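Open the model in your viewer and keep the selection panel at hand. The stops below say what to select and what is there.

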Amino acid sequence: MSEQRVTRGKVVSVTYTIRDENDEILEAVEIPVDYLHGSDGGLFEPIEAALEGKVIGDSVEVTLTPEQGFGEWDPSLTYTDAIENVPPEYRRIGAEAEFHNAQGETITMVVRKVDQGTVTLDGNHPFAGKNMTFAVKVAAIREATPEELAGGISQPPSIH
């Protein structure tokens, strides 16, 4: 029996690290996470393309530009307000608040700055506007079930 390869419709388990432009590790996942290769909502396309045809134990390293990955940093997704207008629980860096727009969409904003009487919230992805390098290792490959092919599977947190 030949060794399984990463191809469309296979469930692939991967481990990965994400590094920024300064080679600092921003995220590391050592417990394998699964994705359905070739599905909408799988991994970022350049990462999937690099994994195509790989076998268990193979690794790839792919650097994504903001356009290929988490998008450009959008200043319209930041909001600064006077600290007295912000509830106390949101007056610390890293606090998260959810907001809903008129269309019912939810955006999570993170407090990025607290200074001299103001609080700045940011709705951009933390990796937006940055070139990011993904080191991905194939941990397992298997055939997808009919249910997985029909409805997909849960995706890794940051590499899609």
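Select R19, D23 and E61: salt bridges link these residues in a network. A salt bridge here is a side-chain nitrogen of Lys or Arg within 4 Å of a carboxyl oxygen of Asp or Glu. Zoom in on R19 and D23, whose closest N and O atoms are 2.5 Å apart. R19 counts as buried, because its relative accessibility is 16%. D23 counts as exposed, at 51%. The classes are buried under 20% relative accessible area, exposed over 50%, and partly exposed in between (1.4 Å probe, protein chains only).

This is a predicted model, in which local features need pLDDT of at least 70, side-chain atom pairs count only at pLDDT 80 or more, and totals for chains, interfaces and linings use all residues. Numbering starts from 1 along each chain as its sequence is written, and side-chain values use heavy atoms, with hydrogens and water left out.

Stay on R19 and look across to β2: I25 stands opposite. Now show strand β1, residues 10–19; eight bridges join this strand to β2, and the two run antiparallel. Strands are DSSP runs (E, at least two residues), helices likewise (H or I, at least four), numbered from the N terminus. Two strands pair if DSSP finds at least two bridges between them.

Widen the view to the open sheet. Its four strands follow the order β2-β1-β8-β3, with antiparallel pairing. β2 (25–36) and β3 (59–64) are the edge strands, each pairing on one side only. Neighbouring strands are turned by 25° against each other on average, direction ignored. The axes are lines fitted to C-alpha atoms, for helices over the stretch in contact, and angles run from 0 to 180 degrees between N-to-C directions.

Next, pick K10 and E143. They form a salt bridge, with the closest N and O atoms 3.0 Å apart. The pair joins β1 to β8 (residues 132–143), 133 residues apart. K10 counts as buried, at 12% relative accessibility.

Move to R142 and E148. Their salt bridge has its closest N and O atoms 2.7 Å apart. R142 is partly exposed, at 33%, whereas E148 is buried, at 12%. In total, the structure holds six salt bridges.

Now select V86, in the loop between β4 (78–82) and β5 (96–100). V86 is buried, at 9% relative accessibility. Beyond its neighbours within four places in sequence, V86 contacts D81, R91 and V119 (heavy atoms within 4.5 Å).

Finally, colour by pLDDT, the predictor's confidence in each residue, from 0 to 100. The mean is 90, and 92% of residues reach 70 or more. Confidence is highest in β3, at 98, and lowest in helix α2 (residues 146–151), at a mean of 84.
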